[in-house]
Amino acid sequence: MTKRIWTKPRPLPGLQDSSSSLPQRLGISPVVADILSQRGVGTEEEILEFLSPSLLNLNSPFAFREMAKAVERLEQARAQEEKILIYGDYDVDGVTSTALLYKVLTDLGFKAVAYIPSRMDEGYGLHKDAVLKASQADVKVIITVDCGITAVDEVEYARSQGIDMILTDHHEPPEILPQAYTILNPKVKDSGYPFRELAGVGVAFKLAQALLETLDCGGTGAYAVLEILDLVALGTIADLVPLTHENRTIVAYGLRQMENTIHLGLRTLLEECGLWGKPLKAGQIAFMVAPRINAAGRMDSARAGLELLLTGHEDRAVELARFLSRENALRQDTEKDIFAEAVKILEEAPLPRVIVLSGKNWHHGVIGIVASRLVERYYRPVFLVTEEEDIGKGSARGIGGYHVLDELKAQAELLEKFGGHSQAAGFSLKPENIPLLREALNQAAQNFPEDMFYERVRVDQCVPLEALDASLMRDLEHLAPFGFGNPSPVLAGKDYPLYMADLVGKDQAHLKCMFGTQGEWEGIAFRKGEELGNILGSSTVDVAFGLDWNTFRGTQNIQLMIKDIQPKAPWQEDNDHSAALQEIALGPEEMAAGSPSSQGLKVMDWRAKNREEWSKTLESWGASVALWDFTGSDPQRPETDLKADWAMITGVPSSWNAVREIMRETQNQGGQGMIIAESKIEALVLKERTGYLSREDLVQLYRVLYDLAIKNNPFTWQVEGIPLWQARTGLKILEELNLLRCLRHRPGAIHIEWIPAKKKLDLEGALRFRSAKKRWQETMAFKEEYCTMPWPEFQTRLGRYR
């Protein structure tokens, strides 16, 4: 049985208290604020953008250093009516990338064709045979999606055939890059793109976004950025990239768009899954929709999935959706057989640190899924190989701390080909090298600590059983969409009364439990039936779980989705994580109070002095000064070394804590003292600093946009006569209130669809407005104190920190 260790991050100071200012100001529960902080989302701005993502936060596609060059080449291709081949991959990421780019290119008037290689006949990546066929068909440009970054020889061959290659990919690049016309990959060194975790479909989307912004400024085409985000979200969810930052925005808006998709094939597939007309969650897409598209590519050819996403004929869409469901059922049966065979092999011998298995009859298309299930069962890195005549084709899956791609690189002499990510990779080798690979990987694994092979159950919060209610469930839903990089919160309870435990399901594979003295709370543990014997006879248990809604006969109750259950769980403090969090969590007040050099710091009042006066005084002292400039909307730290004799504050800081933070840094650097200098600041500057727009500001913006919408909707707003920060902030607030949708944007111009208000406008319903208003009020109150408070009282405020 897999050994598991539960880790719990140290509680953050203040956030456990419901009166803590940040959760109170944002109107979120302390539990949610704490979980966000544990996940590195701690500042007010970060929390706002996390809980209320905006399309305006999408990075410009032209951040890619070579994007302009790619667009220029494609403009030329359109003008000269050259053929363009979109060359994809057979997984969901590749299929959605291909479909998306084909739809946008054809809508914009390009002569485009789409091609996805067969997993069985051709395998992954760009192939010379396909390039040759493209050349014979007079193709002048090939755009790869979700592949191509390792295709050095194939790209050189395309160049020799007079074909320009535009590579869009997101896989780890090799040391030597292909000599393509352009490369769009956020993982390539100096790509220019600020977010490296895009899926392949995310990179393809960036190319589409750039084309829409450049070639369709009038909005005449069928596709706006928002209308293709459902396809981007589908591929992003399926490819298991972190659902953070830009990916979170893509998935959040993509799921909403999916509920009203304009793509017939996607709508039909949702109907086939029983999801059409319902609110969608990322988990439903990952476990119900994506596997159907994947199934065709895994079992034979992904072209049925691509055709489904592209078709405009309803009867054909229904036929294809049903075909994919049948292929998915076949895939599941094949997967189950291989999994059972692998388990039988493993149960007959001691479990190795690294699982390397092979079989002659294993279907190459599903061994990656089987590898993932074996990791789930045994918590070991898994390398599965199917032996096909004179070659073995493999898939690898890793565990935390084990980088499968690096481990394959270390055994490169045994391999014919390999590539992938840190936690998933593909490879090929000669069958006679399989035992050598098994031995080498296990020998290398002896260098890892033993406890790396113990599964960590990362607990976000410990909660008493009686706290599990609908209110907590709704609070946690604010953190969605969930997925890789932003998992559904894991809660845990110690000594929960175990009322009943039994096996359920067709194969008795699932564990059902009832908790509480009367069995008031129900829990289910999928594929954990083997845990029953471990807990039978225990009156209380420790449970790690997520929460979900369980609807039965019209009644909705919360249900514990059990991750692990033990009579007494082995807990381990998450020391490294806690230490980092403690440093973040300790506010300036706590840190300054404990500083060993906190005595004897001089604080001087120069608020009444003008700049000429204090300049002369400093010159006469001959002292070094570190200037903290708070006169503008963007406060500036000292440019000089902090090891200065004096720290000087000009303008108005954000709070007393900010002043204490400067004191702490000055003390730690051995400074003599701090000068509170000129404290003037304009109200407009503070509005920009706090991101605050008054009700009047927003009403004025509302009227401007409403007048434009009456004339033409959707419309392009040329941002003029208003500071850019005000425009972006105002649009985000109106977007949050569901009054508009930002279809696409470029510097100085935003394409907007206006949504008529169905009820009276309530600005307090917008998290951004509500939090900025409170921040503005606090800042203005502090400004009044800071600028006018008599000096003795000022000193008293800071006295215990000196």
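A salt bridge is a pairing in which a side-chain nitrogen of Lys or Arg lies within 4 Å of a carboxyl oxygen of Asp or Glu. With that in hand, look at R73 and E82: their side chains meet in a salt bridge, with 2.9 Å from N to O. Please keep in mind that you are looking at a predicted model. How many salt bridges does the structure hold? The count comes to 40.

Stay with that opening pair for a moment. Are R73 and E82 buried or exposed? Both R73 and E82 are buried.

Next, find R196 and E197. These two residues form a salt bridge as well, and their closest N and O atoms are 3.8 Å apart. Here the surroundings can be read from the accessible area. E197 has a relative accessibility of 26%, so this residue counts as partly exposed. R196 has a relative accessible area of 36% and is therefore partly exposed.

Now move along to E388 and K393, another pair joined by a salt bridge, where the closest N and O atoms lie 3.5 Å apart. E388 counts as partly exposed because its relative accessibility is 26%. For K393 the relative accessible area is 21%. Buried would mean under 20%, so K393 is partly exposed.

Salt bridges can also share partners, and this is how R4, E455, E531 and D564 are joined into one network.

Conventions: Residues numbered from 1 in each chain as written. Predicted model: local features only at pLDDT ≥ 70, side-chain atom pairs only at ≥ 80, totals over all residues. Heavy atoms only, no water. Buried < 20%, exposed > 50% of the residue type's maximum accessible area, 1.4 Å probe, protein only.
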